[in-house]
Amino acid sequence: MTDNRYLVALSPGMPTTDGAGVKLTRMVGTPHLDMVDPFLMLDRIDSDDPDSYIAGFPNHPHRGFETVTIMLEGLMRHNDSVGNDGLLKPGDVQWMTAGRGIIHSELPEMIEGRLKGFQLWVNLPSDKKMMPPSYQDIEADRVPKVSFEGGGARVISGDFMDETGPAISQTPIRLLDVRLDAGTAWTTEPDDGNDLFMCVYEGEVSGTDVEGNRHTVEAPAVAVFAGQGPVTVTAGPDGAEILYCEGQPIREPVAKYGPFVMNTREELQQAVDDFNRGTLAAG
Ligand code: MN
């Protein structure tokens with residue numbers, strides 16, 4: 001055993017299509033890499049071909065979890081059944097707690113240029129799955145930035161160094177957008193018992209497995225860590241950019257069907273019935 005967290009899985013993600021034909025890469029939530037509790041899914045978009053994103057994600061429902069949209073480049077308009085309407089710009093974060101039900105659309109507000117960002121799905125514990133839906137629209141300048149030797153981070157949610165991220169998560173998590181300069185060895189200490197993965201989206205890092213063997217994680221790829229104690233990754237010769245996702249596992253059964261994530265098949269059926277009856281996002 002070791003006193004440090006260690007690499008247990010690497011995945012380059014899986015190209016897929018969602019919404020009205022948006023091409024994206026599913027980084028977490030694939031046959032190769034199932035959820036990293038409490039994170040159900042991570043999708044990554046990075047394209048300068050409008051045909052691959054222009055149709056966006058027209059009206060669709062969600063129930064039972066939270067969706068987090070992190071825009072890096074481009075513009076995305078959202079609208080929902082609760083009456084929210086907003087425009088996500090580079091650096092903005094949108095945190096939607098679907099709770100018992102919401103119907104929304106997510107449409108690129110651009111006809112050319114590069115669309116780059118993430119959508120992360122964070123599970124809700126059973127006692128919060130049917131909570132009222134809510135939104136947090138967080139503009140880029142509200143996301144604190146911290147610096148450390150050889151890099152820096154935007155603190156989106158949770159505590160890091162002397163900052164607290166503005167996004168309030170129903171499940172304790174720490175979500176950071178980290179930048180490492182070439183060759184930086186970055187060590188941080190996740191909370192005891194938390195699960196952790198990093199999505200390397202630019203450059204590369206390396207980390208060690210339980211036997212001390214070093215592996216390179218070249219963008220785009222997800223690295224999952226296990227064990228306890230601090231975690232260290234070392235940036236490659238061109239540095240690295242990383243979405244750092246750490247959270248307290250919920251450890252409950254997960255029943256998934258498309259945009260619904262509940263605990264049992266019966267609850268999924270209820271979600272489908274409510275949607276078909278038009279009551280999913282009512283009141
Ligand atoms: Mn959605």
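Predicted model: local features only at pLDDT ≥ 70, side-chain atom pairs only at ≥ 80, totals over all residues.
**View 1. The manganese site.** Donors here are N, O and S atoms within 2.8 Å of the metal, and water is not among the atoms, so a site may look incomplete. The manganese ion is held by NE2 of His60, NE2 of His62, NE2 of His104 and OE of Glu106, at 2.1 to 2.6 Å. Along the chain, these donor residues follow the spacing H-x1-H-x41-H-x1-E. Histidine 60 belongs to strand β5 (residues 57–62) and histidine 104 to strand β10 (residues 102–108), so this pair ties together parts that are 44 residues apart in sequence. Both histidine 60 and histidine 104 are buried.

**View 2. The seven-stranded open sheet.** Follow the strands across the sheet and you will read the order β2-β3-β4-β11-β6-β9-β12, with antiparallel pairing. At the edges sit β2 (14–18) and β12 (134–138), each of which pairs on one side only. From one strand to the next, the twist averages 20°. Strands of a sheet pair through backbone hydrogen bonds, in either a parallel or an antiparallel way. Within this sheet, strand β6 (residues 65–73) and strand β11 (residues 115–123) run antiparallel and are joined by eight bridges. Look for valine 68, which stands opposite leucine 120 of β11.

**View 3. Strand β19 and its partners.** Strand β19 (residues 195–208) pairs with strand β22 (residues 231–247) in the antiparallel sense, over ten bridges. A handy place to begin is aspartate 195, whose bridge partner in β22 is glycine 247. Strand β21 (residues 221–226) also runs antiparallel to β19, with five bridges between them; here leucine 196 has phenylalanine 225 as its bridge partner.

**View 4. The hairpin of β19 and β20.** Strand β20 (residues 214–218) is joined to β19 by five bridges, and the two run antiparallel. Serine 206 finds its bridge partner in threonine 216 of β20. Five residues lie between the strands of this hairpin, where glycine 212 takes a positive phi near 90°.

View 5. Nonpolar side chains tend to be buried together in soluble globular proteins. The largest nonpolar core in this model has 27 residues, and those with the most contacts inside it are Leu42, Ile70, Leu120, Leu175 and Phe197. If you centre the view on leucine 175 and leave aside neighbours within four places in sequence, its contacts are Val68, Ile70, Trp95, Leu120, Arg154, Val155, Ile156, Ser157, Leu243, Tyr244 and Cys245. Another core, of 24 residues, lies apart from the largest one; among its members are Phe148, Val178, Trp186 and Tyr244.

View 6. A disulfide is a covalent bond between the sulfur atoms of two cysteines. How many disulfides does the structure hold? The count is zero. Starting from cysteine 199, the closest cysteine sulfur is that of cysteine 245, but the 7.6 Å between them is too far for a bond. For reference, the cut-off for a disulfide is a pair of cysteine sulfur atoms within 2.5 Å. Cysteine 199 counts as buried because its relative accessibility is 0%. Cysteine 245, at 0% relative accessibility, likewise counts as buried.

Methods
Residues numbered from 1 in each chain as written. Heavy atoms only, no water. Donors = N, O, S within 2.8 Å, 3.2 Å for Na, K, Ca; no water. Helix = DSSP H or I, 4+ residues; strand = E, 2+ residues; numbered from the N terminus. Buried < 20%, exposed > 50% of the residue type's maximum accessible area, 1.4 Å probe, protein only. Pairing = 2+ DSSP bridges. Axes fitted to C-alpha atoms, helices over the stretch in contact; angles between N-to-C directions. Core = buried A, V, L, I, M, F, W, Y, C linked by side-chain atoms within 4.5 Å. Contact = heavy atoms within 4.5 Å.
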